[in-house]
Structure formats: C-alpha cells, structure tokens
Amino acid sequence: MAGGITETGEPYSPFVGLVYMFNLIVGTGALTMPKAFASAGWVVSVALITFLGFMSYMTTTFVIEAMAAANAQLRWKRREQEDVNDSEPASEYSDDDDDDVIDPGRSEPETKPILSIQRSGHVDHFDIVERVEMGQMASMFFNKVGVNMFYICIIVYLYGDLAIYAAAVPISLMEVACGNHSCSAGSLKYNDTDLCWGPVTRINAYRVFLSAFTLLLGPFTFFNAQKTKYLQILTSLMRWIAFAMMIILALIRIGKGRGEGRPPAADLSGVPNLFGVCVYSFMCQHSLPSLLTPIANKRRVGVLVLADYVLILGFYVLLSFTAIFCFQSSLLHDMYTLNFTDNCDVLDLPVLRYFLGLFPVFTISTNFPIIAVTLRNNWKTLFHRDGGTYPWVVDRVVFPLITLVPPILVAFCTHNLESLVGITGSYAGTGIQYIVPALLVHYGRRHVQPVMGRDAINKHRSPFRHAFWVWFVVMWAVFCLMFVTANIILNETKK
C-alpha cells in the first residue's frame, strides 16, 4: 500500500483521481509480490490474485455506497434541524441523543422521507460532497462495540504498516552498503551473519540503519506532518521509473533466453502468505473518502474504479511474471528491487543499481510520518470522551510513544518483509478490506432507508447490491482467517 493521496481536498478531474488511486494501491506490497508468486506457483497465484482483486473491487464499491449514504444522512440531519429551528424557535427540544443512530420508530418529522425536498431542489442527497472518513461512518452506522472493534482493527493494521516501512528502509540501505557492486560475480544470496564492513555483520548493519531511521523520522510522530503536492509528484515519478525499469530489464533478459526462473505451477504451502500479500497489495478502502471526495465529476466513478482495478491487476501479473521467470525462486528477495542491486549480470550500470536500491528509501520514508500521525490520531479517537481533553504529557508524549515504539521493536526483531506483509494483510487487512466495508454498506442501507424512503435510489450504490454479496464477503473473510491461522499453527507444529 502506498500513501499517494491528496491532502488538500481541492477538486480534481476523474483522470487525476484514477492516477491517485493507482498510486495509492501500488506500493510496498508490489515489491514483495514476486517472491510470494514464486512460492505459491504461477497458476495458483494468477487465480488467487484475480479473485482477490475482484473481492477488493467489490468492497471498494461497498465503501463508495456507504460514503453516499453517510452524506445523505448528514444532509437529512441538517435539514431536520433547520425545520425544527424554523417551526419551534423557542422550543427547548434537543435531538443530541440521536446523533449516531436513526430510530425508524420516531414520530414526525424524522421518519418522513425527504424525497419531496430532493425533487424540489437541484441537489441529490446522495452526492458525495463531504469527506466522511471510515471512522466517522462507523460512528454513524455501528453501535459502540462495533466502533471500538473498527478502531482496534485499523490500529493493528497501521501498526503492521509502520513495521513494514521501518524494516523496508533499513533493508534497502543495508543492501546498498553491503551488497555486491563490483560486477565481479553474479546474483548472490547473503546471510545475516555475513560481514558487511570490517567486523560488522549484515544484521548489525541493518540495526544501525534502523536506529538512524528511528532517530530521523521518529520525531515526526510527535508533531503534525503533511505531505506536499510536489513531494507526492516526485515520489510517484520515482515509483514509476523504478517499476518500469524492473519490468523492462527482466523482459530483456528473458527475451535473450537468459531467464533462470522455473517456477512451479502450484505449491499450496505458499498460498497463505500469498493471500496476505495480495490483500495488502489491494488495500485502499481506508483511504477512499480522502481520495474520491475531491473528484469534481463523480458521475462515472464506478467505471473509474473498475478501470483502476483492471490496470492494477494487469500490472501486478506483469511485474510478478517477469520476476519469477527471470530469477531463480531461491534467489528472489523479499523486496524485489534488491535483485537488481546485487546482480550486475542483469544491470551493470552502478548509477541505476543505486537508484533501484535506494528507491524504497525515498518513497517509503515520505509515507512513514503520515502513517504514524494517522495511527496516533486513531489512538486518541479510540479513548476520546465527549468534552474531555488529554493532559499535555498524555497527548504529546504517551500517544506518540505507543505509536512509535511497537513497530520499531518488531522491525528490530525481524526484517522478514514477506512475513510482515503476509501477517498484516491476512489479519488486520482482512478486517479493513472485507469485514468493515461489508458491514458499513449493510448498516448504511438500514439507516438510510427509513429516512429517504424505499423508493429513493442511491446513485452510487454498488453493482453488488443484493444482500447475498455482503454476507458472502463476510463468510469469505472468516474462512480466510481460519485458513491462515490453521496453516500457521500447522507450520509451527512441524517445526
């Protein structure tokens, strides 16, 4: 998952929205996908990634429908409040207790459909104009237990994200500093105990770089960080240059008959990790409100999303296929860029090898503060009490520390990116990508129907509007969690 979304909320065209969404989804997960493809086999991988791409597209349409329903409910509440203020200016009546839940059994005017209002004006109440984040939608449509479960799920996911970022940057720096740059040997697979410089081993070099990473970027967790438009453009440009280089170089080598990869058609032992990687690599649901709300013309937003998913699926398959047939499965790194930095037979220009080696450093480093601040704010929201404020020490020290310390400790303990991505995607990612969107659209429909009337049509409703699809997604998510957990237990038992 990448972090390429706009922070200003200024309107932009549907095409720009398509580019932003592409950049948002295609990130670190794409670099771990080739090794996961090689482990599970190319036939199984193509089938699974296609199905998971379809499931992610479905839940994306669920989130869009829920966003429209939330906008409609907010407009209804404002209109209702205006009617109350106009008709009873001196009344002491207050509806504060009904901010989060619509009770279809209440008396007029609240159960009166506002279709007449909708017809008399030029505004469609389902227009997505206000940015309603996932947490706000959860507060509108879920009960208190559901809201807390949502925040716990998003917090766990963001912790996994930060651990992946915290490990990926030092790994890339270690490979650049300790790898083979002399072109005197072919592709090598190093061990952590191999020497890097002097008596310092590679794993210790990794820890040195992780410490430096923590000292340089960790302090941003204590402040508010914003990504600028120009920094976003620069990182997006670097991302596409790097991905294009890797695909072209692999294709050239395969075209010359020098491809070393002989991946199996199927290996079920690699499926659980591939599942986690694929879920993580299609993750965008939690950022859709920030991404889609600023699109000026949302009339064809459904076609836009479908086109994005088709392009992303094709890109993932192209990147992974060229990788698994170009390199031996045993030599594929957790982060695919590293196969080009230590293999002079594939790329013999030092400048380009250094560029690919340092590419994750620049792009991921710009995302880390943003994700850290997001996680810190979610912690604050989870424990927030209406009308209450936090002491200065809790607000400025405790929350940043509980945000920063756990992922850094995980990165110190392990730098196995494939496992980190797989676990993050398999557990927290399943909740954010499948369960939460399905429940949001289900309860969103139930909340809006008494207000808007049965005949009202949400113009942003999902093509998968039957209740069967909602429960199919939930059952699929439960099955996936059980399957991944059982496989982990089985592997641990074998050890």
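Leaving out neighbours within four places in sequence, Lys-380 is in contact with Tyr-390, Asp-395 and Phe-399, where contact means heavy atoms within 4.5 Å. The model is predicted: local features need pLDDT of at least 70, side-chain atom pairs count only at pLDDT 80 or more, and totals for chains, interfaces and linings use all residues. Residues are numbered from 1 along each chain as its sequence is written, and side-chain values use heavy atoms, with hydrogens and water left out.

- Lys-380 lies in helix 13, which spans residues 350–382; helices (H or I, at least four residues) are DSSP runs numbered from the N terminus.
- With a relative accessible area of 18%, Lys-380 is buried; the term buried stands for under 20% relative accessible area, exposed for over 50%, and partly exposed for values in between, using a 1.4 Å probe and protein chains only.
- The side chains of Lys-380 and Asp-395 are joined by a polar contact of 2.8 Å. Such a contact is a pair of N or O atoms within 3.5 Å; within protein, one must be able to donate a hydrogen and the other to accept it, and residues adjacent in sequence count only if both atoms are side-chain atoms.
- A network of salt bridges links Lys-380, Asp-395 and Arg-396; a salt bridge is a side-chain nitrogen of Lys or Arg within 4 Å of a carboxyl oxygen of Asp or Glu.

- The structure holds nine salt bridges. Side chains of opposite charge can pair when their charged atoms come close.
- Glu-65 and Arg-445 form one of them, with the closest N and O atoms 2.7 Å apart. This pair connects helix 3 with helix 16 (residues 428–452) across 380 residues of sequence. Glu-65 is buried at 6% relative accessibility, whereas Arg-445 is partly exposed at 23%.
- Lys-459 forms a salt bridge with Asp-127, the closest N and O atoms being 2.2 Å apart. Lys-459 sits in the loop between helix 16 and helix 17 (467–494), and Asp-127 in the loop between helix 4 (115–120) and helix 5 (134–141), 332 residues apart. Lys-459 counts as partly exposed, at 46% relative accessibility.
- Arg-202 and Glu-175 meet through their side chains in a salt bridge of 2.6 Å, N to O. Arg-202 belongs to helix 7 (residues 202–217) and Glu-175 to helix 6, the two being 27 residues apart. Arg-202 is buried at 3% relative accessibility, and Glu-175 is buried at 4%.

**The largest nonpolar core**

- The largest nonpolar core has 144 residues, of which Met-137, Phe-275, Tyr-316, Tyr-336 and Tyr-434 touch the most other members. Helix 6 (residues 144–178) gives the most to this core, with 19 residues. A nonpolar core is a set of buried Ala, Val, Leu, Ile, Met, Phe, Trp, Tyr and Cys residues joined through side-chain atoms within 4.5 Å.
- Not counting residues up to four places away in sequence, Tyr-434 touches Leu-52, Met-55, Ser-56, Thr-59, Phe-275, Val-279, Gly-429, Val-473, Trp-476 and Ala-477.

**Tyr-57 in helix 3**

- Tyr-57 is placed in helix 3, residues 42–87, and is buried, with a relative accessible area of 10%.
- Beyond residues up to four places away in sequence, Tyr-57 touches Gly-302, Val-305, Leu-306, Tyr-309, Pro-463 and Phe-464.
- Tyr-57 and Val-310 are 253 residues apart in sequence, and their C-alpha atoms are 9.5 Å apart in space.
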